[in-house]
Structure formats: C-alpha cells, structure tokens
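Subject: Structure handover

Hi,

Here is the structure I promised to pass on. My notes follow below it.

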Amino acid sequence: MKRFIKNSYLFLIFFILLLSKNFWYDLFSPKREINLSDIAITKLTNELNALNSDFLAKTSGVYGRVLYQNPYKYQEELVLAANGEKVNKNDYVISEIGLIGVVDKVYQNQIIVRMLTSKDLLLQVKINNCYGLYSYNKRAFIKNVSNLCPINFGDQVYTSNLGYQDDQILIGTVKTIHFSSGIPEKFELELANDFNRLNYLVILTGD
C-alpha cells in the first residue's frame, strides 16, 4: 500500500511537469548561444558614451574599437568591433592622427581592415600638388610620381581626395628619396600612425 502511494505521488509530480509550459519550452527550445561580437558592441557603446574624446566628437562616421590584429597576418589585418550596417568595402579607417587602412570585409558587428602596412594594399595618394601610388613592402613607398614634381624631405603625403571622401587624410611624411640615374624613382615614407598603439578608430562611410 505504501509503495502504491509513493508511486502515485511520483506519477502526479511527473504529470504536473509534463503540463508545465516552462518544462516543454526548456526541453525543446534551442539554447541561445552567447555571441561574443554582440558583447563587444555593447561594451563599445558603453565605452563611447563614457569617453570624452574631441576626435570622436568632431568626426562623422562609424566608431570602432580594435579587438585584435590577425596573428597570421600581423600588421596586415586589423579586426574592429563596430556596427557594420552602414559600412562598405574600401571605406577609409582613420585614427586621430591619420589613415590606418581601408575596410576589407564587413560583418554585423565586426570589421576587417586592410592596414597601410599590408603588402596587398595599393592607394593613389597626393603629395604637394602631385599624385602617386602608395605601396608597402617591409617599408612604405610612393612611386609613379611625375619627375616635374618638387618633393622634399618632410613633405606630407595624403589620400588623393578622389571619390566621395572630402578630406585629405594624412598617411605619412617623406623620409628618404631613392634615385635612379639621378632622377627620383620612389619616396620612402615614415607613416604617421604607430600601428602597435591603436584603440578607438573611425570608419568614414561617406554618409
């Protein structure tokens, strides 16, 4: 008799559980995974709200924070926590000092940046009133500049101001001039940014 009563109680408890809405939901509903990029965006939003930065306050674009540099492509790819909704491939990414690189890939809450120190990046740039081609191979160089252009040590190099970008963005300064047969062949640059000390950046979206 006692055994029957005990079994009856167990059956009743199990029956109540079966009828419970929460029991069915917990049993069959998919488990929500924690999205680390969502956490990074939430953290970024809170940090930006608390940050007092003239650079961010005066610069229009999508704000981002450096998550890490790709260890397999160090000094070539940079990963930002940023809202990718309005970001497009080849948008400029800048610091308070100057150009960091261009957007290479866009995800919901992460942006992959092709850095100025990437050997795969080519940019048309402006130096004084002349144009040239920027590339990087262990060092930063400007090539394809007209021989008629007066270029000296310390001259600053900017983005070419072509396309939708209105502002010329600093890339670096001329530190060495390489000659071929007495004619300037290429110009070696000292980049404006320290790529080992990056934090908050802005993606210029053109909006």
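The link of Cys130 and Cys149 is left-handed, with -110 degrees about the S-S bond. Cys130 lies in strand β7 (residues 130–136) and Cys149 in the loop between β8 (140–143) and β9 (156–159), so the pair ties together parts that are 19 residues apart in sequence. The S to S distance is 1.9 Å. A disulfide here is a pair of cysteine sulfur atoms within 2.5 Å. The structure holds 1 disulfide. In general terms, such a link is a covalent bond between the sulfur atoms of two cysteines. Both Cys130 and Cys149 are buried. Buried means under 20% relative accessible area, exposed over 50%, and partly exposed in between (1.4 Å probe, protein chains only).

Before the rest, some ground rules. This is a predicted model, where local features need pLDDT of at least 70, side-chain atom pairs count only at pLDDT 80 or more, and totals for chains, interfaces and linings use all residues. Residues are numbered from 1 along each chain as its sequence is written, and side-chain values use heavy atoms, with hydrogens and water left out.

Strands are DSSP runs (E, at least two residues), numbered from the N terminus. Two strands pair if DSSP finds at least two bridges between them. On that basis, 6 strands close into a barrel in the order β6-β7-β8-β11-β10-β9, and the pairing is antiparallel. The twist averages 45 degrees from one strand to the next.

- Strand β6 (residues 123–127) and β7 run antiparallel, joined by 5 bridges. Ile127 stands opposite Cys130 in β7.
- β8 and strand β11 (residues 183–191) are antiparallel, with 3 bridges. Ile142 has Phe187 as its bridge partner in β11.
- Strand β10 (residues 170–180) and β11 are also antiparallel, with 8 bridges. Val174 has Leu189 as its bridge partner in β11.

β10 and β11 form a hairpin, with 2 residues between them. Ser181 in the turn has a positive phi of about 55 degrees.

**Another barrel**

A closed barrel of 6 strands runs β1-β2-β5-β4-β3-β12, with antiparallel pairing. Here the twist averages 45 degrees from one strand to the next. Strand β4 (residues 99–106) and strand β5 (residues 110–115) pair in the antiparallel sense over 5 bridges. Lys105 stands opposite Ile112 in β5.

Arg114 is found in strand β5. Is Arg114 buried or exposed? Arg114 is buried, with a relative accessible area of 12%. A polar contact of 3.0 Å joins the side chains of Arg114 and Asp104. The term covers a pair of N or O atoms within 3.5 Å; within protein, one must be able to donate a hydrogen and the other to accept it, and residues adjacent in sequence count only if both atoms are side-chain atoms. Leaving aside neighbours within four places in sequence, Arg114 is in contact with residues including Glu76, Glu77, Asp120 and Leu121.

**Two loop residues**

Leu121 lies in the loop between β5 and β6. At 6% relative accessibility, Leu121 counts as buried. Beyond four places in sequence, the contacts of Leu121 include Val102, Arg114, Leu116 and Tyr134. Leu121 and Asn137 are 16 residues apart in sequence and 10.0 Å apart in space, C-alpha to C-alpha.

Gly84 sits in the loop between β2 (77–81) and β3 (92–94). Gly84 also counts as buried, at 10% relative accessibility. Not counting residues up to four places away in sequence, Gly84 touches Val106, Tyr107, Gln108 and Ile111. Gly84 and Gly64 are 20 residues apart in sequence and 9.8 Å apart in space, C-alpha to C-alpha.

**The core**

A nonpolar core is a set of buried Ala, Val, Leu, Ile, Met, Phe, Trp, Tyr and Cys residues joined through side-chain atoms within 4.5 Å. The largest one has 43 residues. Those with the most contacts inside it are Leu78, Leu80, Leu116, Leu123, Tyr134, Ile171 and Ile203. Leaving aside neighbours within four places in sequence, Ile203 is in contact with several residues, among them Gly61, Leu80, Val93, Val103 and Ile111.

Best wishes

How values were computed. Helices (H or I, at least four residues) and strands (E, at least two) are DSSP runs, numbered from the N terminus. Axes are lines fitted to C-alpha atoms, for helices over the stretch in contact, and angles run from 0 to 180 degrees between N-to-C directions. Contact means heavy atoms within 4.5 Å.
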